[in-house]
Amino acid sequence: MTLSIFLAHQWHSFWRARNANKSLVLQIVLGIFYLLIFIDIAGLGILLPYLVQESIPDKEPISLFCSYIIYYFLLGLLVRFQLQELPSISIQPYLAQNIKRSSMLRFLNVRSLVHVINILPLFIFIPFSVVIILPVYGAFATGCFLLSMFALVINNHFLNMYIKRKSVSSSGWFFSIIVIILLLKGFDYLKIFSFEKTSANLFTGLLHHPGLCIIPVAFAIFVFLLSNRYLRSHLYIEELVSERKLKVSRNYSFLDKYGDMGEMMALDLKLIFRNKRPKSLIILSGVFLLYGFLFYPRYLQTGNYTMLFLFALFITGLFISNYGQFLFAWQSSHFDGMMSCNINIKQYIKAKFYLFVTVSSLQFLIASFYGFMGWQIIPIQLAAFLYSIGINSFLTIYAATYNYKYLNLSKSASMNFQGVGAIQWLQMLIIAFGPVGVFFLLNKYAGFWAAIIGISAVGIIGLALNKMIIHWLAGQFNIRKHKILEGFRER
């Protein structure tokens, strides 16, 4: 069976799907969105050297660009681990047929390459190379440099495929890459070992000796063969579909003392760690804790406390908004069965609220180490934390009563808009920019401590009234319960 027949089957599968029209509209919208991103990034690739020369006039743009290439590809591997899905489901119907494995492997490899994340780097490297490198080093050296960059993109692609197939149910690789990046950046910061200088020397050396481009090309070929060999030896349904593997259930016996509410919290934790999409949100919330290293120092220097408060809201309350917007949809596949049981909806919502408080508290405690950057961060994060659990948690639960869309838990959360509607976008805008606007006005007209005390007080009042608010939220759920059930039945 040729590659064109496989692709034709995929095309027919798309158009014959039940929601083909909705999928087409979504693909068009995403296509326009990606096109705008490509144009912006291409413009950045052209303007980058001039921006660098203006902001850092004593730095040579080519050397500076090359100094961050290794970091770029390490971060790219990290992003790929979250965004790129393994294209294994599409091959399942052919495994029982009399079709050569080499044909199926070729299809899987070609299909996996068609991804926005493989095209995006070209819109950075090509404009920069043509505008800056070509006039200095000539056409041959520039062509070899671009070939090396393309080889590294392919290398990252198949290395990610290999790692994900080797560790489908493990997040160890993801966190190990984060640790490597932090260690390298830490070595640079402490001046133990300059990895940026090493990167600059490697890639400027490539421009001086174009023949060395054979090294990244050879490395890309090696990684492709490694990934291909592993996939060939594991091309079986039980190997490709991780969801069918036996999953060992964890016991959360420490929650037993909280009765029904503790049991519901334990079920939520099991759901999170057994399924890809909620687990992705936990990982994303953990990654967002690192954003303080990127943004806190800059805004501390400028004294922009409003922006510090905005990022503190994300760092301490991201799990609440991300997990809470699908509060009832996480159980959409069996929600009919749940509602036929004798479940106390107030206890159900209370269990969700306490889960929010627990995770957000952990995020706040970990993020407290940012206080070493500046004492102002501690009260800002405390205010953001209190507002998140005292107000944003209840706003999120209320918005979830308007979410009537079924959710597939087996897919990753990255670039996945299933179950996301206008209410979810509005909710995210309100919980992020509403308190930021209030903080800005209080800080501007009444001072820093007035803003901190005002935001904290609102959160504390929400926590004090939690029983009354939960009772009201249970009533709101009962009003829309049948709409929610009807919506979850639509697959």
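In these legends, a residue is buried at under 20% relative accessible area, exposed at over 50% and partly exposed in between, with a 1.4 Å probe and protein chains only. The model is predicted, so that local features need pLDDT of at least 70 and side-chain atom pairs count only at pLDDT 80 or more, while totals for chains, interfaces and linings use all residues. Residues are numbered from 1 along each chain as its sequence is written, and side-chain values use heavy atoms, leaving out hydrogens and water.

View 1. Thr204 lies in helix H9 (residues 195-208); helices (H or I, at least four residues) are DSSP runs numbered from the N terminus. Thr204 is buried because its relative accessibility is 15%. Apart from residues up to four places away in sequence, Thr204 touches Ser63 and Cys66, a contact being heavy atoms within 4.5 Å. Cys66 is itself buried, at 0% relative accessibility.

**View 2. The cysteine pair Cys144 and Cys213.** Cys144 is buried, with a relative accessible area of 9%. Its closest cysteine sulfur belongs to Cys213 and is 4.0 Å away, too far for a bond. A disulfide is a pair of cysteine sulfur atoms within 2.5 Å, and by this rule the count is zero.

**View 3. The largest nonpolar core.** A nonpolar core is a set of buried Ala, Val, Leu, Ile, Met, Phe, Trp, Tyr and Cys residues joined through side-chain atoms within 4.5 Å. The largest has 43 residues, and Tyr323, Phe328, Phe335, Tyr348 and Ile349 make the most contacts inside it. At least two residues of this core come from each of H12 (259-274), H15 (305-324), H16 (335-340), H17 (345-367), H18 (377-400) and H21 (466-488). H17 gives the most, with ten residues. Tyr348 touches Met264, Leu327, Phe328, Gln331, Phe335, Met338 and Ile343, residues up to four places away in sequence not being counted. A second, separate core of 26 residues includes Tyr296, Leu300, Tyr305 and Ala383.

**View 4. Packing of H15 against H17.** The axes of H15 and H17 are 7 Å apart, at an angle of about 150 degrees. H15 is therefore roughly antiparallel to H17, a term for angles over 145 degrees. Axes are lines fitted to C-alpha atoms, for helices over the stretch in contact, and angles run from 0 to 180 degrees between N-to-C directions.

Definitions and conventions. Parallel < 35°, antiparallel > 145°, perpendicular 65-115°, else oblique.
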